Amino acid sequence: MVHRCVICHSNSTKNPNLSFHRFPKDPEKREVWINNLNLKMQIKDWHQICSLHFSPMSYVFSNERKILKFDALPVCHEERETLNNAAILPDELTPEDFSLTASVSQNVEEIHVLSQTPPTLSLSEK
């Protein structure tokens with residue numbers, strides 16, 4: 001099944017790294033999304049928007065998958081650029097971005113020690 005963004009027309013065939021999200025079924029939440037995106041068209045239940053319209057902080061990672069947070073709100077491209085530039089966030093985050101080595105860059109020696117395999121204990125040392 002090919003997914004297509006109703007805003008920028010990106011599709012899952014040409015952009016396999018994008019995720020696609022349906023608009024909320026809750027009328028109030030759906031209206032907030034529509035207003036945030038400045039949409040003038042009527043949104044149908046099958047319409048989707050791609051991950052380009054969400055901040056990287058709108059996602060959590062679970063089992064190597066990006067999952068959109070329940071309270072995530074889409075933003076226009078201009079607002080997203082402002083958010084990315086202000087926070088210096090990459091366009092796409094991966095689970096590796098949250099690993100020990102990514103979060104502790106100044107303590108290289110400490111990371112090296114933590115990444116080494118712990119010594120095995122013999123029965124006499126226990």
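Author: Start with a contact between charges: Asp45 forms a salt bridge with Arg30, and the closest N and O atoms are 3.1 Å apart. Keep in mind that this is a predicted model.

Reader: How many salt bridges turn up in the whole structure?

Author: A search of the whole structure finds 1 salt bridge.

Reader: Where do Asp45 and Arg30 lie?

Author: Arg30 lies in helix α1 and Asp45 in the loop between α1 and β2, so the pair ties together parts that are 15 residues apart in sequence.

Reader: And is Asp45 buried or exposed?

Author: Asp45 counts as exposed, at 53% relative accessibility.

Reader: OK, step back a bit. How many helices and strands does the protein have?

Author: There are 4 helices and 4 strands. Read along the sequence, they follow the pattern β-α-β-β-β-α-α-α.

Reader: What share of the residues counts as buried?

Author: Of the 126 residues, 29% count as buried.

Reader: And the contacts, what share joins residues at least 24 apart?

Author: Among contacts between residues at least 6 apart in sequence, that share is 57%.

Reader: Switching to rings. How many aromatic pairs are there?

Author: The search of the whole structure finds 3 aromatic pairs. One of them is Trp33 with Phe54, which is edge-to-face, with 5.4 Å centre to centre and 70° between the planes.

Reader: Which parts does that pair tie together?

Author: Trp33 lies in helix α1 (residues 27-36), while Phe54 is in the loop between β2 (48-50) and β3 (59-62), so the pair ties together parts that are 21 residues apart in sequence.

Reader: What else does Phe54 form an aromatic pair with?

Author: Phe54 also pairs with Tyr59, again edge-to-face, at 6.3 Å centre to centre and 75° between the planes. Tyr59 counts as buried too, at 8% relative accessibility.

Reader: So which residues form the aromatic cluster?

Author: Phe23, Trp33, Phe54 and Tyr59 form one cluster.

Reader: Which residue lies over the face of Tyr59?

Author: Lys66 does, at 4.5 Å from the ring centre.

Reader: Now the strands. How do β3 and β4 run?

Author: β3 and strand β4 (residues 65-68) run antiparallel, and 4 bridges join them.

Reader: Which residues stand opposite each other?

Author: Val60 stands opposite Ile67 in β4, and Ser62 stands opposite Arg65 in β4.

Reader: What about the turn, how many residues are between the strands?

Author: The hairpin of β3 and β4 has 2 residues between the strands, and Asn63 in this hairpin takes a positive phi near 50°.

Reader: Is Asn63 buried or exposed?

Author: Asn63 is exposed, with a relative accessible area of 72%. As for its place in the chain, it is found in the loop between β3 and β4.

Reader: What is the phi of His9?

Author: Phi of His9 is near 65°, which is a positive value in a residue other than glycine. His9 is found in the segment before β1 (20-22), and at 44% relative accessibility it counts as partly exposed.

Reader: Last topic, cysteines. How many disulfides are there?

Author: The search of the whole structure finds 0 disulfides.

Definitions and conventions: Residues numbered from 1 in each chain as written. Predicted model: local features only at pLDDT ≥ 70, side-chain atom pairs only at ≥ 80, totals over all residues. Heavy atoms only, no water. Phe/Tyr/Trp six-rings, centres within 6.5 Å; stacked < 30°, edge-to-face > 60°. Buried < 20%, exposed > 50% of the residue type's maximum accessible area, 1.4 Å probe, protein only. Lys NZ or Arg CZ within 6 Å of the ring centre and 35° of its normal. Disulfide = S-S within 2.5 Å. Salt bridge = Lys/Arg side-chain N within 4 Å of Asp/Glu carboxyl O. Pairing = 2+ DSSP bridges. Contact = heavy atoms within 4.5 Å.
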